[in-house]
Amino acid sequence: MWQLTSIELYKIFRRPRTYISFAAITALIGAVQLGLKVDGQSYVDFMIGSISSLEIEGNILNGYLICYIILQMLLVQVPLLVTLISADMISGEANMGTLRLVLTKPFSRTQWLLSKFFAASIYTLLLLTWMACMALFGSMLIFGTDDMMLLKSSYIVILDDTDVFWRYVGAFGFAAVSMVAVAALGFLLSIFSENSIGPIVTTMSIIVFLTVLSTMNIPFYNYIRPYLFVTHMNNWKEFFDVQVNAENQSLTGTIQNSSRIINSIIVLLLHIVAFVGAAVVIFKKKDITT
Amino acid sequence: MKHFKPYIKAIGKVFIVFMVAMYTYVNAYTQDMTPLVLKVKAKLDQVNSYTADGVMKTDIVFIKAPISKVKVFYKKPNTFKLERSGGISLLPKGGVSINMSNMLATTNFTAFAAGEETIKGVKVRVVKLIPMSESSDVVLTTMYIDEANLLIMKAVTTTKENGTYEMEMTYGKFANYGLPDKVVFSFNTKDYKLPKGITLEFEEGAKPNDANLLKNKKGRVTINYFNYVVN
Amino acid sequence: MQPVIEVQGLSKHFGTFQAVNDISFTVLKGDVYGFLGQNGAGKSTTLRMLLSLITPTSGTINIVGQSLSENRTGALRQMGAVIEKPDVYKYLSAYDNLRLFARLSGIKPTQQQLMQQLEMVGLAERAKDVVKTFSQGMKQRLGIAIALIHEPSIVILDEPTNGLDPQGIADIRNLILRLSREMHKTVVVSSHLLSEIEQVATRVLIIDKGKKLVEGDATTLFDPAQAIVELTCDNPNAALNVLQQSQWPQYLQPQRQSHIVLKMHRNQIPALNAFLVQSNIAVYSLQPKHSLEDYFLQVTSGAQHVATYQY
């Protein structure tokens, strides 16, 4: 199994397109960091302008907040970069014509498919690790660390600077699960197509469509929202909210809605299992006619 | 607010006239409290400057903040600074900078008695303080003064820009200098603008507390001081 | 000879389209088995079913004694194949492609072994070049090297000469002969061109519209003196009766519509005619179909009614 997975990784990392994603992330994060380094104050003014009745002191625009801003922006784009590879995993082979040569080799289709999915997942994880390095460690280096102030939609959270890093570890872990779910969807769609554009566009369309549905505050959509996996993808933010005691003091090391995170992780994992399971079942019976 | 000034002044004058009239009948309610306030001020003025460490708890319904260490600096006549040691602090505007000495920085005020009360078992004189300066942000301060020890136990300050604050002091070792061990600032957060999700948060049910609670809730910042260094 | 591929009643539907219809055949060890048919006759579908790329609608396939459906991996280990175009990873070199497919097959050949393999197909000098720069013929040879990398006993080549120049075609032909004669592989090779099959095959299967037409020994099939004779007469039933009670029944083939079909040497046709006339059969025509080539031309020219003959 690992043998097959390593072959797939070898193929992924021998292709120039793989590195486009890493370059894109580097460029995007660099651009955000440069922008905030040059003119961060106006961003902060804009951000705290809405809470004019409070006096805010301290280094608000520190590495922790910047990583949050970047994550918030990029976790919308990263699915595209993940899809670029995962939705190409099978369809790309069909398109190149290598699928029929590969599948005449003596190994089981299920194993091959799973190893391909693992390879796509490893690529996804590497992409996120790279993102974490750039967005978190990069920002921590450039902007330093301090308490992290977050404006939620109706309240403000201040996290002690010693209480932030582990939350990022959790958030990136969560993001990894949600991105693997995206990869799984792209992967499933890639078995139906003989070119990679179709599944890439379809995967992105589904994600954009569901995201729009899940953000529209219309009662009808509120019923279906909990069942859409994209709704759960945003819940990495739950790591950045603390519980408070009766005196409204935030309790270091706590998470306000840990059950929401666990619930989302379960939903996302179920989606991954369902997408990959469906891919295996369908692909095992699939006639290779390309 | 400025155009109210003449009226306030006028009302003040009428009030004084009224009180003078009352003086003949009810001695206690017309008493000029300026000497008492000046005595309190004199006690506070013993201190040229001080620094202190403190632990600050912020209890504002829409803010989740950790307990944090703070440092305060005071220098006569009215420099007061509160710093969170290497962190971010969110405080009501102007509120926490109003300390005792600050309030009594000038002698340009009118003070008169408004009765007696008991706070924490201590009998206190209620004194209304009206600054005479046009530029003062403070409109009215009501002080609850422990006459025997010359300590301000409680102060309610109404400002033009920043609403009404209440400060409650608890004294300990530094009572001789008129420096409290604990100060509780209370203020009304009813009119506070809440942050609007600039972060494009899609979270639902994010409200930590009931909206009604939010309307009624008073904000409170509690600072426990220790390690006073007095000069 | 031991059968290495046994196919029984193989059919495949794609929706309402019947691509392969009840085909049975056997490939024996050491055969160069020619698979002949027009484009779209069902050759590729049949070969893909042998390799489990396509799941049959019905029928059984045994590879070296084991059922393909029950032991897919074991069966595939016995086979190496190039189906249609030899598509490999264009961004990798010939060497890297070969190594990758070797590892996919679960083996780790040494650098020397890989180079030997490339040498066998004449690509040693271009080993390190990316495949993108290769000609069609070179890709085809690389495809064959890849098919052989896990040392299968059966090699399946689907239209290996498609799109090649005459030199390329000759190279592939020689390679097939080497595989068979020197390396003792069983080779299944498909083509829509009789001439190609004729030059390499030891046994031949012809299919059309998904149906098997002829299976037989190449030496017999390609013998120009052998003829399929179609007899048209006034009373086919009487003629058949007469023939069955004479010295001719061993030449009879399955009847097709009003024709009686016989397979015989051309020299025997006048004697047959004389016998029929003596037996009071009014012979309208006795038409010899010249050998397989005629037959195949008839098939490929789109004749509507072609019977199944067993040679």
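Predicted model: local features only at pLDDT ≥ 70, side-chain atom pairs only at ≥ 80, totals over all residues.
In chain B, 10 strands form an open sheet with antiparallel pairing. The order across the sheet is β4-β3-β1-β12-β11-β10-β9-β8-β7-β6. The edges are taken by β4 (79-84) and β6 (109-119) of chain B; each has a single partner strand, so one side of each is left without a neighbour in the sheet. On average, and with direction ignored, neighbouring strands of this sheet are turned by 20° against each other.

Strands of a sheet pair through backbone hydrogen bonds, in either a parallel or an antiparallel way.

| Strands of chain B | Bridges | One pair of bridge partners |
|---|---|---|
| β8 (138-146) and β9 (151-159) | eight bridges | B:Ile145 and B:Ile152 |
| β1 (49-59) and β3 (68-75) | eight bridges | B:Tyr50 and B:Tyr74 |
| β1 (49-59) and β12 (218-230) | nine bridges | B:Lys57 and B:Thr222 |

Which strands does helix α2 of chain B lie across? Helix α2 (residues 34-44) lies across β6, β7 (122-131), β8 and β9 of chain B. The helix runs at about 85° to β6(B). Strand β6(B) is also one of the edge strands of the sheet.

## The sheet of chain C

Chain C has an open sheet of four strands, in the order β2-β1-β4-β5, and the pairing is antiparallel. Here β2 (17-28) and β5 (66-67) of chain C stand at the edges with a single partner strand each, so one side of each has no neighbour in the sheet. Strand β4 (residues 58-63) of chain C pairs with β5(C) over two bridges, in the antiparallel sense. In this part of the sheet, C:Asn62 stands opposite C:Ser67, which belongs to β5(C).

Helix α1 (residues 43-50) of chain C lies across β1 (3-14), β2 and β4 of chain C. Its direction is at about 120° to β1(C).

The size of an interface is often given as the accessible area lost when the parts come together. For chain A and chain C, the two bury about 2900 Å² between them, and 55% of this is on carbon and sulfur atoms. In chain A, the residues that lose the most area to chain C are A:Arg100, A:Lys105 and A:Pro106, which together make up 23% of what that side buries. Counted by residues, 28 of chain A are in contact with 35 of chain C.

Across this interface there are 17 residue pairs in polar contact, both residues being at pLDDT 80 or more. On the side of chain A that touches chain C, α1 (2-13), α4 (91-96), α5 (98-102) and α6 (109-143) of chain A each supply at least two residues. The largest share, five residues, comes from α1(A). By type, the residues of this side divide into 11 nonpolar, seven polar and 10 charged.

Side chains of opposite charge can pair when their charged atoms come close. In another, the side chains of C:Asp87 and A:Arg100 meet at 2.9 Å, N to O. This pair crosses between chains: C:Asp87 is in the loop between β6 (79-82) and α3 (94-104) of chain C, and A:Arg100 is in helix α5 of chain A. A:Arg100 is also among the residues of chain A that lose the most area to chain C.

Definitions and conventions
Residues numbered from 1 in each chain as written. Chains lettered and ligands numbered in written order. Heavy atoms only, no water. Pairing = 2+ DSSP bridges. Contact = heavy atoms within 4.5 Å. Axes fitted to C-alpha atoms, helices over the stretch in contact; angles between N-to-C directions. Buried area = accessible area lost by both parts, 1.4 Å probe. Polar contact = N/O pair within 3.5 Å; in protein donor to acceptor, adjacent residues only side chain to side chain. Nonpolar A, V, L, I, M, F, W, Y, C, P; charged D, E, K, R; others polar. Salt bridge = Lys/Arg side-chain N within 4 Å of Asp/Glu carboxyl O.
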